[in-house]
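Reader: Please walk me through this model. Keep it brisk.

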Amino acid sequence: MIAIEQQDSGFHRYWVAYCLRKGIPFKRVDCYRSDIVEQLRGCDALMWHFSHQDYRDMLFARQLILSLAAGGMKVFPDPATSWHFDDKVGQKYLLEAVGAPLVPTWLFYTEREALAWSDATRFPKVFKLRGGSGASNVMLARTRSEARRLIRRAFGRGFSPRRAWADLKERWRKYRLGKTGAADLLKGFGRLLLPSDFDRLHPREKGYAYFQEFIPGNTFDVRVVVVGNRACALRRNVRRNDFRASGSGEIVYDRAAIDPRCVEEAFRINRRLGAQCLAYDFVFDTQNRPLIVEISYGFTAPAYEKCDGYWLGDMTWHAGSPALCDWMIEDLLDTLQNRREASENDNVPKPETRPI
Ligand SMILES: Nc1ncnc2c1ncn2[C@@H]1O[C@H](COP(=O)(O)OP(=O)(O)O)[C@@H](O)[C@H]1O
Ligand SMILES: [Mg+2]
């Protein structure tokens, strides 16, 4: 029996629809209750699309997943897929360690070292917080003095998760482009007046400074999503007068717009990481080589339904809408089946072996 977290957001509703369609027994569980381990008794697997936008998830989702995995339960996302989620600090070390083409990245844990580096390096550089999405925590340090200001803040009062003004401005931009409705805009105003739980309860970011080489001249980024042995990709155009693509809402779904090297690289790294599912964001350096800016197991699933096909691990192309969430659950069911067969084989009495 597989357990699916009780929310209807994100991947959950796709997983539930899949089980209902295929007649697969499942149980809804509430990960936020203290007795979650008890709720899972008798289940073989848990599927939970935990989110970086819920302060509770960021407090304990990965701890729960690691604990369940230690107890022998299969989990989506599993530890290899999720320990670095919404954590660009972790991703820097991980991608360097496996030899992935990460944009050159620097991390400092004291103000003194960060300032010394900024005195000796060239600008612009990109400054990021470890978490966040839609480019909301990605800034350009155009000059040394801008970098110094960011560093002082990183080791001073830090950065508030409450970015209500920036959030409203972004909603207004999307509204003007016809990419979102009035209700969404109104929600932005609401958030200005009434801080969300995340605004109030997610800790401030401080005590580290994360910089990346600024890779100039990109008018889009390429996002490849790998689920097991399949991948789909799209291109996101950069906002006007900006360098950031993520969250722009300006998506190009043309297979011809995707550099296949990005897909090959994503497959290669994904195999190396042993991840169930990861999105890889690429930009291109001045020699047109793809470089990774970040990875993430979570994404907005409906955005990928418009892709007109997907690749298999051997780079063969298959037409049709990618069913990313279905693939997640199919892979998990396969793993459970393999485990069952392996343990049945273990139970088959072995032919007696005689010493020769
Ligand atoms: N080092 C970089 N050089 C140039 N552009 C970058 C760099 N890092 C990120 N970007 C741009 O900014 C966007 C957001 O950055 P990313 O690290 O993916 O953050 P987020 O988690 O908010 O998506 C990317 O989609 C890319 O267009
Ligand atoms: Mg991104």
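**Helix packing, ligand and loops**

Author: The axes of helix H6 (residues 111–120) and helix H7 (residues 144–154) come within 10 Å and cross at roughly 170°. Axes here are lines fitted to C-alpha atoms, for helices over the stretch in contact, with angles from 0 to 180 degrees between N-to-C directions. Helices (H or I, at least four residues) and strands (E, at least two) are DSSP runs, numbered from the N terminus. This is a predicted model: local features need pLDDT of at least 70, side-chain atom pairs count only at pLDDT 80 or more, and totals for chains, interfaces and linings use all residues. Residues are numbered from 1 along each chain as its sequence is written, chains are lettered from A and ligands numbered from 1 in the order written, and side-chain values use heavy atoms, without hydrogens and water.

Reader: Is H6 roughly parallel or antiparallel to H7?

Author: The two axes cross at roughly 170°. Angles under 35 degrees count as roughly parallel, over 145 as roughly antiparallel, 65 to 115 as roughly perpendicular and the rest as oblique. Therefore H6 and H7 are roughly antiparallel.

Reader: Which residues in H7 meet H6?

Author: Contact means heavy atoms within 4.5 Å. From H6 come Glu111, Ala114, Leu115, Ser118 and Asp119. Their partners in H7 are Arg144, Arg148, Ile151 and Arg152.

Reader: How much of ligand 1 does the protein bury?

Author: An oxygen atom of ligand 1 is 2.6 Å from an N or O atom in the side chain of Ser246, and another contact puts a ligand oxygen 2.9 Å from a polar backbone atom of Ala245. Taken alone, ligand 1 exposes 540 Å² (Shrake-Rupley method, 1.4 Å probe). The buried part of that is 98%.

Reader: Where does Pro77 lie?

Author: A cis peptide bond joins Phe76 and Pro77, with omega about -5°. Pro77 sits in the loop between strand S4 (74–76) and helix H4 (79–82).

Reader: What is the phi of Ala135?

Author: Ala135 lies in the loop between S6 and strand S7 (138–141). Ala135 is not a glycine, yet its phi is positive, at about 70°.

Notes:
A polar contact is a pair of N or O atoms within 3.5 Å; within protein, one must be able to donate a hydrogen and the other to accept it, and residues adjacent in sequence count only if both atoms are side-chain atoms.
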